[in-house]
Amino acid sequence: MKKEKTDDRGFSLVELIIVVAIMAILAVVLTPQYLRYVERARNSADVQNSAEIVAALQILASDPENTEALSDGEIHITRDNPANLNGSAFAQEALQNAGLMSENGAGNLELPIRCQSMTRWDEYTIGWEIEQDGNIVFEYTSAVDGNANTEFRDAMGGQ
């Protein structure tokens, strides 16, 4: 009796279609989860960078050897520009001491690109006031699509 040879050259077309369909279903189910994860990571990075800025200001304000006068001010951070210090020498000194601010090629001081906003908060501001007793009170504001938003303030734990 003669044995018949079977054709074992690979997958059939039906098997390949089933595998592609399963992969498509997985992609549809997992993509939204992945995008939410990325957004949460970006929000965390913005909050962490802002917390570093706040910590730098607090450290300089509490330093007994600080020669820079404490002054009110704000730092405005956007997607396009890492930071805009509104003329505060105190903030400039604090951020330089913390290693968060350095000179760019044009000789201007700026925060590193990692401090640029990466989230849906198009821009946010860290403002502070020096009270009579020397304490610093911080205020956090943000904008989403040009509208005031409290989400950033809540993430920073502000009032």
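Confidence in each residue is given as pLDDT, the predictor's own score from 0 to 100. The structure is a predicted model, in which local features need pLDDT of at least 70, side-chain atom pairs count only at pLDDT 80 or more, and totals for chains, interfaces and linings use all residues. Residues are numbered from 1 along each chain as its sequence is written, and side-chain values use heavy atoms, with hydrogens and water left out. The chain averages a pLDDT of 79. A score of at least 70 is reached by 75% of the residues. Confidence is highest in helix 1, at 90, and lowest in strand 7 (residues 147-149), at a mean of 64.

The chain holds three helices and seven strands. Helices (H or I, at least four residues) and strands (E, at least two) are DSSP runs, numbered from the N terminus. Their order along the sequence is α-β-β-α-β-β-β-β-β-α. Of the 159 residues, 26% are buried, a term that means under 20% relative accessible area, with exposed over 50% and partly exposed in between (1.4 Å probe, protein chains only). The accessible surface of the chain is about 11000 Å², computed by the Shrake-Rupley method with a 1.4 Å probe. Carbon and sulfur atoms account for 53% of that surface. Contacts (heavy atoms within 4.5 Å) were also counted between residues at least 6 apart in sequence; 58% of these join residues at least 24 apart.

Helix 1 covers residues 13-62, 50 residues in total. From first C-alpha to last it reaches 72 Å, close to the expected 74 Å. The expected span is 1.5 Å times one less than the number of residues. A kink of about 35° lies at Leu 30, shortly before the proline Pro 32. The bend is the angle between axes fitted to the seven residues ending at a residue and the seven starting there. Buried residues of helix 1 include Asn 43, Asp 46, Asn 49, Ile 53 and Leu 57.

Ser 50 also belongs to helix 1. Ser 50 counts as buried because its relative accessibility is 0%. Beyond neighbours within four places in sequence, Ser 50 is in contact with Tyr 124, Ile 126, Phe 152 and Met 156.

In helix 2 (residues 89-97), Phe 90, Ala 91, Ala 94 and Leu 95 are buried. Seen down the axis of helix 2, these buried residues fall within an arc of 120°, so they line one face of the helix. The arc is that of the directions from the helix axis to the C-beta atoms. Just after helix 2, Gly 99 takes a positive phi of about 75°.
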